[in-house]
Amino acid sequence: EIEPNYNFLDNLYHTLLDRKSANPKSSYVASLYHKGENSILKKVVEEAGEFSFAIKDDNKNDIIYEAADLLFHSLVALAYKNIHPEAILNELKRREGISGIEEKNSRDS
C-alpha cells in the first residue's frame with residue numbers, strides 16, 4: 001500500500017532549506033549549496049542518467065533506488081531556488097486531463 005507522503009516531502013524541503021546555512025564540512029547538501037548551482041545540476045544530470053539505465057536494466061529495486069536519488073537531488077535544486085515541491089504538484093494537477101501534445105503546443109505558441 002502506498003501512503004501519501006506530502007508531510008514527508010514538506011519536511012524534507014524545509015530541511016534542505018535549513019542546510020543552506022549549515023556547515024559544508026558536516027552536511028552533504030550544504031556542500032552542494034556551497035559548491036554552487038553547477039555542482040547541484042551536475043548531480044541532477046548524473047542521477048537522471050543512473051535512473052535511465054536502471055529503467056533499461058529492468059531491476060525494480062535499482063529503479064526505486066535511483067528514482068529516489070533523482071528526486072532527492074531535484075528537490076535540492078528546487079530548494080536552492082526556493083521553489084516548494086507543492087508548486088510542481090500544482091503544475092502536474094494543472095496538466096491533468098490535458099493532452100501532452102496540446103500542452104506542449106500551448107507552450108510553443
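**Entry 1: a pair in helix α5**

I started with E91, which is partly exposed at a relative accessible area of 29%. I kept in mind that I am reading a predicted model. What does E91 form a salt bridge with? I found R94 as the partner, with the closest N and O atoms 2.7 Å apart. Both residues lie in helix α5, 3 residues apart, about one turn of the helix. R94 has a relative accessible area of 43%, so I noted R94 as partly exposed too.

**Entry 2: the other salt bridges**

I then asked how many salt bridges the structure holds. The count came to 5.

Next I looked up K81 and found its side chain in a salt bridge with that of E37, at 2.8 Å from N to O. This pair links distant parts of the chain, 44 residues apart. K81 sits in the loop between α4 and α5 (85–95), while E37 belongs to helix α3 (residues 37–57). Are the two buried or partly exposed? K81 is partly exposed, with a relative accessible area of 48%. E37 also counts as partly exposed, at 33% relative accessibility.

**Entry 3: charges within α3**

I moved on to K43, which forms a salt bridge with E47; their closest N and O atoms are 3.3 Å apart. Both lie in helix α3, 4 residues apart, about one turn of the helix. I checked the accessibility of each partner. K43 has a relative accessible area of 17%, under the 20% limit, so K43 is buried. E47 is buried as well, with a relative accessible area of 3%. I also noted that K43, E46 and E47 are linked in a network of salt bridges.

H73 itself is placed in helix α4. H73 counts as buried, at 5% relative accessibility.

**Entry 4: the nonpolar core**

I turned to the largest nonpolar core, which has 14 residues. Those with the most contacts inside this core are L16, V29, Y33, I40, L75, V76 and A79. The elements giving two or more residues to the core are α1 (6–18), α2 (28–35), α3 and α4. Which element gives the largest share? I found that α4 does, with 6 residues. A general point I jotted down here: in soluble globular proteins, nonpolar side chains tend to be buried together.

Leaving out residues up to four places away in sequence, L16 touches V29, Y33, F72, L75, V76 and A79.

**Entry 5: I63**

My last stop was I63, which is placed in helix α4 (residues 60–80). Which residues is I63 in contact with, leaving aside its neighbours within four places in sequence? I wrote down F51, A54, I55 and D58. I also looked up the distance to S52, 11 residues apart from I63 along the chain: the C-alpha atoms are separated by 8.3 Å.

Notes. Residues are numbered from 1 along each chain as its sequence is written. This is a predicted model: local features need pLDDT of at least 70, side-chain atom pairs count only at pLDDT 80 or more; totals for chains, interfaces and linings use all residues. Side-chain values use heavy atoms; hydrogens and water are left out. Contact means heavy atoms within 4.5 Å. A salt bridge is a side-chain nitrogen of Lys or Arg within 4 Å of a carboxyl oxygen of Asp or Glu. Buried means under 20% relative accessible area, exposed over 50%, partly exposed in between (1.4 Å probe, protein chains only). A nonpolar core is a set of buried Ala, Val, Leu, Ile, Met, Phe, Trp, Tyr and Cys residues joined through side-chain atoms within 4.5 Å.
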